[in-house]
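Let's take a walk through this structure together.

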Amino acid sequence: MWKREKKPEGNPGEEHIKGWKAKEKGFEVWCRKMIVAAYKGIRRGYWKKAVKRILLALVIVVGIFLLGRHMLSDELEVTFHHLYSPKILGTDNTRLAVLSDLHNREFGTDNEALIRQIAVLEPDLIIMAGDMVNAYEDDLDKILHLCDELLKIAPVYYGPGNHENHLFYEKGSPLESLLVEKGVHVLVNRAETVTIHKTPFLIGGLTTAPEGYEEYGAEFIEEYEKSREFKLLIAHYPSLYYEALADVEIDLGICGHYHGGLVRLPVLGGLYHGDVGFLPKYSGGMFSLPHSTIFVSRGMEDHSGFPRINNRPELAVIDINGRQETDG
């Protein structure tokens, strides 16, 4: 027969409350033990070591972040260079702003940021060293607008690169004639004289690649070299100076094409370009040759989608004068 169970003595839930209080007391005991342990640890220097390790780890993480940000920075960099020449008359600088390998890129809407930066620099001449457009695009508006604005600042001298040559001769693009109509000096294996601050400059453009030099460029350079004026030669390919122009007397050669070697290594310079392989001889900066000085622009855009590493887009400024700078 079913019987009613006897209710336990005491208040309902009393056992639960006792258990909860026991757990609470146990937690208090654990907290006190942890506080005592932490205090002893601080006195023995354990926590100091831990804090130091945490701070060191934070410094390393922040350092890696900042280094990565710098290495992969795609912000425009303005670089300054000086060239001494006894051919410069008077004491005034002749300032060149050098652009290369823009590949239709824009710095700001309609290149406003780039144009503004060049205006601030107040150049006497603006030099475009080729590949300002892309051979596979028909869009000419960007380069034409840029030239319109730059012509308000200074004369523009344009030495075509391989991308312009493809547009000119393979696709029949009207780019050259459109630039000339605007007043841009497009130099295709020819030269023009301009006088800046009393000094005559013979600005030439050599547009051929090294393999076509003998056929398309040798005759022009032979005549060009005879001039006693300051010879400024825009030649897109730095490799022309490996052999063809290595011993030619040129006061300043300006090149591009290698995009700074894409990856810039400390001391060694540019890492690679498809034309010449690893460690191009002249990948970025000023180089003194036996009878000339050349400047190779790092360019302003990447190459074939490969990112620029430690190699920010470059707007170069070259000041030419008759003052020899000394250290100290």
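F201 counts as buried, because its relative accessibility is 0% (buried means under 20% relative accessible area, exposed over 50% and partly exposed in between, using a 1.4 Å probe and protein chains only). Before going further, a word on what you're looking at: this is a predicted model, in which local features need pLDDT of at least 70 and side-chain atom pairs count only at pLDDT 80 or more, while totals for chains, interfaces and linings use all residues. Residues are numbered from 1 along each chain as its sequence is written, and side-chain values use heavy atoms, with hydrogens and water left out.

Rings of Phe, Tyr and Trp (its six-membered ring) pair if their centres lie within 6.5 Å, and planes under 30 degrees apart count as stacked, over 60 as edge-to-face and the rest as tilted. The two partners come from distant parts of the chain, 29 residues apart: F201 sits in strand β7 (residues 199-206) and F230 in strand β8 (residues 230-235). Helices (H or I, at least four residues) and strands (E, at least two) are DSSP runs, numbered from the N terminus.

Now follow F230. With a relative accessible area of 1%, F230 is buried too. Leaving aside neighbours within four places in sequence, F230 is in contact with several residues, including L83, I88, P200, L252 and I320 (contact means heavy atoms within 4.5 Å). L202 is also a contact of F230; the two are 28 residues apart in sequence, yet 5.9 Å apart in space, C-alpha to C-alpha.

What about other rings? The structure holds five aromatic pairs, and ring pairs link Y242, Y282 and F287 into a cluster.

Let's turn to helices. Helix α3 (residues 112-121) and helix α4 (residues 141-150) pack at an angle of about 25°, their axes 10 Å apart. That makes α3 roughly parallel to α4, since angles under 35 degrees count as roughly parallel, over 145 as roughly antiparallel, 65 to 115 as roughly perpendicular and the rest as oblique. From α3, the contact is made by L114, I115 and I118, and from α4 by L146, E149 and L150.

Finally, step back. The secondary structure comes to eight helices and 16 strands, and 44% of the 328 residues count as buried.

Notes. Axes fitted to C-alpha atoms, helices over the stretch in contact; angles between N-to-C directions.
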